[in-house]
Amino acid sequence: MFGYNSTSELQNKSTRYFLITDELVDGFKRRFYSTLKSLTVYTADIEVIIKDGTKFWIVVSGKFIDINISADLQLGVIWSVMDITERENNESRLLEMSRRDCLTNAFNRRYF
């Protein structure tokens, strides 16, 4: 999914390596850390960068599996990642279609 040939290429890479901006990294860590600490599952849609520099959308979920380990984004967490690029593209296209008149391409009242 991320364009790497083996897991060894990803070893010792932080989440900053995949996220587009430092603000996303800070927000990601803050939201996931507090949620994981409360032993619940947190899910978010995030735009990431793959090996060749292409951006795409994923939904990422994480859950602590061992409450005896202190909250850490690297250890004791099961992560699930799914590519949702097509869904995000369709949602953007539908939003744009709902805001513009199909004949004149002018913004409609939904936009305002």
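The accessible surface of the protein comes to about 8,100 Å², and 52% of that area belongs to carbon and sulfur atoms; such areas are computed by the Shrake-Rupley method with a 1.4 Å probe, and for residues only the protein chains shown count as cover. The structure is a predicted model, in which local features need pLDDT of at least 70 and side-chain atom pairs count only at pLDDT 80 or more, while totals for chains, interfaces and linings use all residues. Residues are numbered from 1 along each chain as its sequence is written, and side-chain values use heavy atoms, with hydrogens and water left out.

**Overall build**

- The secondary structure comprises 2 helices and 3 strands, where helices (H or I, at least four residues) and strands (E, at least two) are DSSP runs numbered from the N terminus.
- Read from the N terminus, these elements follow the order α-β-β-β-α.
- The protein is more spread out than a compact globule, because its radius of gyration is 18 Å, well over the 13 Å that the globule rule gives for 112 residues; the radius is taken over C-alpha atoms, and the rule is 2.2 Å times the number of residues to the power 0.38.
- Taken along the principal axes, the box filled by the C-alpha atoms is roughly 60 × 35 × 20 Å.

**Burial, contacts and charge**

- Of the 112 residues, 26% count as buried, a class that means under 20% relative accessible area, with exposed meaning over 50% and partly exposed lying in between (1.4 Å probe, protein chains only).
- Among contacts (heavy atoms within 4.5 Å) between residues at least 6 apart in sequence, 40% join residues at least 24 apart.
- There are 15 positive and 15 negative side chains, and the centres of the two sets lie 4 Å apart; Lys and Arg count as positive and Asp and Glu as negative, with His and the chain ends not counted, and each charge is placed at NZ of Lys, CZ of Arg, CG of Asp or CD of Glu.

**Nonpolar core**

- The largest nonpolar core has 14 residues, of which Phe2, Ile46, Val48 and Ile58 touch the most other members; a core of this kind is a set of buried Ala, Val, Leu, Ile, Met, Phe, Trp, Tyr and Cys residues joined through side-chain atoms within 4.5 Å.
- Two or more residues of this core come from each of the elements α1, β1 (42-49) and β2 (55-64).
- Once neighbours within four places in sequence are left aside, valine 48 is in contact with Phe2, Phe18, Leu19, Ile20, Thr54, Lys55, Phe56 and Ile58.

- Arginine 31 belongs to helix α1 (residues 22-37) and counts as partly exposed because its relative accessibility is 33%.
- Between arginine 31 and threonine 43, which are 12 residues apart in sequence, the C-alpha to C-alpha separation is 9.7 Å.
- Threonine 40 sits in the loop between α1 and β1, and its relative accessibility of 38% places it in the partly exposed class.
- With neighbours within four places in sequence set aside, threonine 40 contacts Thr35, Gly62 and Lys63; the C-alpha atoms of threonine 40 and lysine 63 are 6.3 Å apart, although 23 residues separate them in sequence.

- Tryptophan 79 is part of strand β3 (residues 77-83) and, at 31% relative accessibility, is partly exposed; it lies 49 residues from arginine 30 in sequence and 16 Å from it in space, C-alpha to C-alpha.
- Asparagine 105, in the segment after α2 (85-99), has a phi near 65°, a positive value in a residue other than glycine, and is partly exposed with a relative accessible area of 48%.
- Tyrosine 111 also lies in the segment after α2 and is partly exposed, with a relative accessible area of 38%.
- Tyrosine 111 and glutamate 96 are 15 residues apart in sequence, and their C-alpha atoms are 9.1 Å apart in space.
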